[in-house]
Amino acid sequence: MRVLLVGSGGREHALAWAISRSPQLDELIAAPGNPGIGRVARLAPVGAEDVGGLADLASGESVDLVVAGPEAPLAAGLADRLAERDIPCFGPRQDAALLEASKEFAKDFMGRHGIPTARHTVVRDAESAQRALRSGEYGEAPVIKASGLAAGKGVFLPGDLDAAARDAARLLEGGLGEAGKAVVIEERLTGPELSVFAISDGTRAIACGTAQDYKRRFEDDEGPNTGGMGSLSPGLGDNEATMERVRREIVEPTVAGLHAEGREYRGVLYAGLMLTADGPKVLEFNVRFGDPEAQTLMPRLDCDLLPLFFGAATGRLPDQAVRFRSDRAVTVILASDGYPGSYRKGVPIEGLPETVEIGETCVFHAGTRAGADGIETAGGRVIAVTGLGADWGSARDAAYRTADSITWEKKAFRRDIAAGAV
């Protein structure tokens with residue numbers, strides 16, 4: 001099977017590595033990829049958001065399957081373009097990708113199909129935001145969200161109503177561009193968070209693991225929200241009773257609701273949940289694997305993903321479970337100093353291994369590029385290091401040993417990933 005993987009980050013390196021191990025794979029092409037992905041795939045210089053160019057590439061290379069890593073090309077209609085050429089895509093159609101591309105749509109969808117989530121309202125101007133905040137319906141410290149795609153940086157957790165009003169105003173004034181034209185104000189739920197993944201072929205879904213991520217930049221969950229500074233898997237709230245409720249109350253109604261509305265969803269469904277005292281509730285949906293959750297899930301895999309991806313993309317999901325090793329996994333993100341704000345690029349990296357697997361760790365490239373003197377930094381989140389172990393302590397130790405061995409000037413990372421699990 002010839003496969004085209006779309007994307008260039010740490011998630012895509014983890015997916016490329018997992019796909020490359022399949023006995024069914026003949027060739028893996030990645031567009032545009034990164035230096036790490038280039039060790040397991042042939043790179044093609046087509047941007048991840050160039051939907052037309054990606055469709056042309058898939059046709060020209062006669063690929064059997066396209067795997068979409070990031071959300072942006074799906075929101076732009078990549079699966080629809082490919083369908084016009086009879087090329088299967090692991091990733092939903094544009095009207096189903098609205099689950100992530102529009103939080104307003106997702107909230108309305110959950111209301112239509114009885115999927116548990118927080119109380120909310122949507123506003124489009126500062127005056128409406130003020131009225132909603134002062135109504136008291138959403139508490140003294142509500143959550144403020146940009147409705148559109150914001151690369152993981154569109155959620156704000158203000159400490160009081162004044163701060164909430166400022167956050168909403170910044171978004172509505174263009175602080176995140178088009179993503180903040182509509183703003184969701186919702187009650188703040190309490191409880192542990194859990195990221196749940198399922199693979200769907202449009203009519204049914206099978207479980208594909210759980211994880212828990214660390215969004216804040218600094219230790220003790222302080223500082224600005226980022227795309228994710230670390231993660232662990234399985235998620236700490238993953239138990240049989242909880243997962244049965246998630247399947248029955250969230251995953252199955254979501255897949256059934258999309259199908260009933262004629263929205264073709266063939267790909268991975270990511271439900272970000274809060275495990276409240278009243279049961280699991282949806283914080284957000286994503287239409288792709290998480291980053292860095294994919295870097296935590298893929299090393300735990302104990303099965304071939306490729307037939308599952310192809311079966312989902314062609315509407316014929318095979319009757320098999322996604323199997324995982326019993327090991328715990330802990331992922332630490334090594335970032336550029338200043339992230340998620342401004343940061344320097346082109347800093348040489350030392351100590352990078354040549355292969356993904358190094359003992360009990362896996363090393364995935366995210367924001368890297370080839371420089372004159374070797375691999376150098378090219379993004380905010382640069383490297384993901386995943387440690388594996390029979391318990392949280394050994395997995396965490398493995399991750400941090402390797403994280404300490406990879407260096408560049410002003411490398412930044414959190415020292416408390418999975419500390420609570422231990």
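Tutor: Val143 stands opposite Glu186 in strand 9. Helices (H or I, at least four residues) and strands (E, at least two) are DSSP runs, numbered from the N terminus, and two strands pair if DSSP finds at least two bridges between them. This is a predicted model, in which local features need pLDDT of at least 70 and side-chain atom pairs count only at pLDDT 80 or more, while totals for chains, interfaces and linings use all residues. Residues are numbered from 1 along each chain as its sequence is written, and side-chain values use heavy atoms, leaving out hydrogens and water.

Four strands make up an open sheet in the order 6-9-7-8, with antiparallel pairing. Its edges are strand 6 (120-123) and strand 8 (155-156), each of which pairs on one side only. Helix 7 (residues 126-134) lies across strand 6, strand 7 and strand 9, and runs at about 160° to strand 6. Helix 8 (residues 161-172) also packs on the sheet, touching strand 6, strand 7, strand 8 and strand 9, and its direction makes about 5° with that of strand 7. For these angles, axes are lines fitted to C-alpha atoms, for helices over the stretch in contact, and values run from 0 to 180 degrees between N-to-C directions; contact means heavy atoms within 4.5 Å.

Elsewhere in the chain, the buried parts are worth a look. Helix 1 (residues 10-20) is largely enclosed by the rest of the structure, because 10 of its 11 residues are buried; buried means under 20% relative accessible area, exposed over 50%, and partly exposed in between (1.4 Å probe, protein chains only). Among those buried residues are Arg11, Glu12, His13 and Trp17. The largest nonpolar core has 45 residues, and Leu4, Val66, Leu78, Leu82, Leu99 and Phe285 touch the most other members. Such a core is a set of buried Ala, Val, Leu, Ile, Met, Phe, Trp, Tyr and Cys residues joined through side-chain atoms within 4.5 Å. A second, separate core of 43 residues includes Met1, Ala16, Val268 and Phe364.

Arg42 gives a contrasting setting, in strand 3 (residues 42-43). With a relative accessible area of 34%, Arg42 is partly exposed. Its side chain makes a polar contact of 2.8 Å with that of Glu27; this term covers a pair of N or O atoms within 3.5 Å where, within protein, one must be able to donate a hydrogen and the other to accept it, and residues adjacent in sequence count only if both atoms are side-chain atoms.

Finally, some backbone details to check. Most residues other than glycine have a negative phi, and most peptide bonds are trans. Asp220, in the loop between strand 12 (216-218) and strand 13 (222-225), has a positive phi of about 60° although it is not a glycine. Asp220 counts as exposed, at 63% relative accessibility. The bond joining Ser233 and Pro234 is cis, with omega about 0°, and Pro234 lies in the loop between strand 14 (230-233) and helix 9 (240-260). Another cis peptide bond runs from Tyr339 to Pro340, with omega near 10°.
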